[in-house]
Amino acid sequence: MAKETLTITDNRTGKQYEIAVDDGVIRADDLKQIKTAADDPGIMAYDPSFGNTASCKSRISYIDGDKGILRYRGYDIAELAEKSTYLETAYLIVKGELPDKHHLSMWQHNITIHTMVHENIKKLMEGFRHDAHPMGMMVGTIGALSTFYPEAKDIDSLESRRLQTRRLIGKVPTLAAYAYRHSKGLPYVYPDNDLSYTGNFLQMMFRMTERHYRPNPVLERALDVLFILHADHEQNCSANAVRSVGSSHVDPYSAVAAGVAALYGPLHGGANEAVIRMLQQIGSVDKVPEAIRKFKAGDGRLMGFGHRIYKNYDPRGKIIKKLAYEVFEATGKNPLIDIALELERIALEDDYFVKRKLYPNVDFYSGIIYQAMGFPVNTFPVLFAIPRTSGWMAQWAEMVRDPEQRISRPRQVYIGESERTYEPIETRRAPLTREDAVDAAI
Ligand code: ACO
């Protein structure tokens, strides 16, 4: 049988090295032995943006980007979207197995009893400007939770990790709804624990004067499915942020706040918001060819298209596209769907997109559904952050328990000035002009 090793010849020295291949990867540390002299620190791998670097071993999500496969703990995303609920899927993601009836009911209870937030958190949220972006409010308030639960610092305690996980999953919908109500100048609505996870979230968002809010069951289920689809996605930008910040052994609220901040960006969870703005800007189906021409010329990107890992259709995109029509049955059609369909049709036939393997991702259709359900555009990334909290906590806990993980500390290739002597200001030459400056960008 062939050996599971790699032989590397260093042409600078003529030396050969045999390096172990384990699970299809080599250890970057093994490259350190390849050196030209005793004081040479050895070869490093240069991988900006982690294009081909595994930062951890994980058992949570599996993605095959070429085949368009996504599985949580081995279960196919399409099957979970059809048969599971968000809270059951969150249990699976966090604990590794699907619960039986008893454990599911305990889990639901344990999450539900944590839906309320301290009144001071409410006051803190009142301090934000009336037009504060809800994601900015989420970053701030989730970070602030760490000051309310100082015992969360005890990251080595299983009981503490469990408690913070339940608290966070329970509280994020409340914080998200408060952020929205704040922007509208509406009174905050307290949780109703008789409702489901998504039903309660809908009532905290949209309840007005009715004594008992009854969520539309179609929208409640559609939101639940969307939450399942967004629950985890292995080592993406925000999961990496949670792991990296958490690797300093800070409490999980601070680590998750970093994840929310990462998700806020338009290249990540902000993309569904950007998709709607793009569709509105295009305005009508007949303007689509012109818009495609612009994207191809590098004038903006076709938002909701492309993915670092999926080089085939994003499996979540397929489910969401179908879901859109179920939601439209209840809400009426979102007119932006026609523009989206035309964009997809043309892009999937166009050489530019085909060659670069750019397909609709999870965000291409999710915003259209959220908008039809009555969510304002700036709450879309928040609707991503709520379900992703279970994924972040699972990633965080896996990192904390992994004996191979130390504080995240990437290396760099230094390309700046070599040693210089400090010149007194009196004799220093004139300050650099903007153009001269190496870092003119700032
Ligand atoms: N529209 C037009 N061109 C694109 C797009 C797009 N949406 N995405 C990538 N390209 C082009 C790039 O210009 C580049 O072309 P080039 O080779 O001629 O320079 C090539 O495709 C590769 O693009 P990269 O940016 O190198 O790909 P990367 O893997 O780094 O980026 C990303 C992935 C960020 C998702 C990118 O496709 C993108 O910006 N898409 C739009 C934003 C979006 O929808 N983000 C949501 C991602 S899913 C999620 O976070 C849940």
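## A salt bridge to start with

Arg-293 and Glu-290 form a salt bridge, with their closest N and O atoms 3.0 Å apart. The term salt bridge is used here for a side-chain nitrogen of Lys or Arg within 4 Å of a carboxyl oxygen of Asp or Glu. Both residues belong to helix 12 (residues 288–296), and because they are three residues apart there, about one helical turn separates them. Arg-293 is exposed, with a relative accessible area of 51%, whereas Glu-290 is partly exposed at 41%. For these words, buried means under 20% relative accessible area, exposed means over 50%, and partly exposed lies in between (1.4 Å probe, protein chains only).

Before we go on, a word on the model: it is predicted, local features need pLDDT of at least 70, side-chain atom pairs count only at pLDDT 80 or more, and totals for chains, interfaces and linings use all residues. Residues are numbered from 1 along each chain as its sequence is written, and side-chain values use heavy atoms, with hydrogens and water left out.

## The whole chain

The protein chain has 17 helices and five strands. These are DSSP runs numbered from the N terminus: helices are H or I with at least four residues, strands are E with at least two. The radius of gyration is 24 Å, close to the 22 Å that the globule rule gives for 442 residues, so the chain is as compact as a globular protein of that length. This radius is taken over C-alpha atoms, and the globule rule is 2.2 Å times the number of residues to the power 0.38.

Along its principal axes, the C-alpha trace spans about 80 × 70 × 60 Å. How many of the 442 residues count as buried? The share is 47%.

In another, Asp-64 meets Lys-67 at 3.6 Å. Here Asp-64 is buried at 15%, while Lys-67 is exposed at 61%. Salt bridges also link Glu-342, Arg-345 and Glu-349 in a network.

## Rings that meet

The structure holds 17 aromatic pairs. In one of them, the rings of Tyr-352 and Phe-353 have centres 4.9 Å apart and planes at 70°, so the pair is edge-to-face. Rings of Phe, Tyr and Trp (its six-membered ring) pair if their centres lie within 6.5 Å; planes under 30 degrees apart count as stacked, over 60 as edge-to-face and the rest as tilted. Tyr-352 is partly exposed at 24%, but Phe-353 is buried at 2%.

Tyr-370 and Phe-380 make a tilted pair, 5.6 Å centre to centre with 45° between the planes. Tyr-370 lies in helix 16 (residues 362–372) and Phe-380 in helix 17 (residues 380–401), 10 residues apart, and the pair links distant parts of the chain. Tyr-370 is buried at 1%, and so is Phe-380 at 0%. Both belong to a cluster linked by ring pairs, whose members include Tyr-86, Tyr-180 and Phe-375.

## Charges over rings

Which ring does the charged end of Arg-356 sit over? The ring is that of Tyr-352, with the charged end 3.8 Å from its centre. The charged end of Arg-428 sits over the ring of Tyr-422, 5.3 Å from the centre. A charge sits over a ring if NZ of Lys or CZ of Arg is within 6 Å of the ring centre and within 35 degrees of the ring normal.
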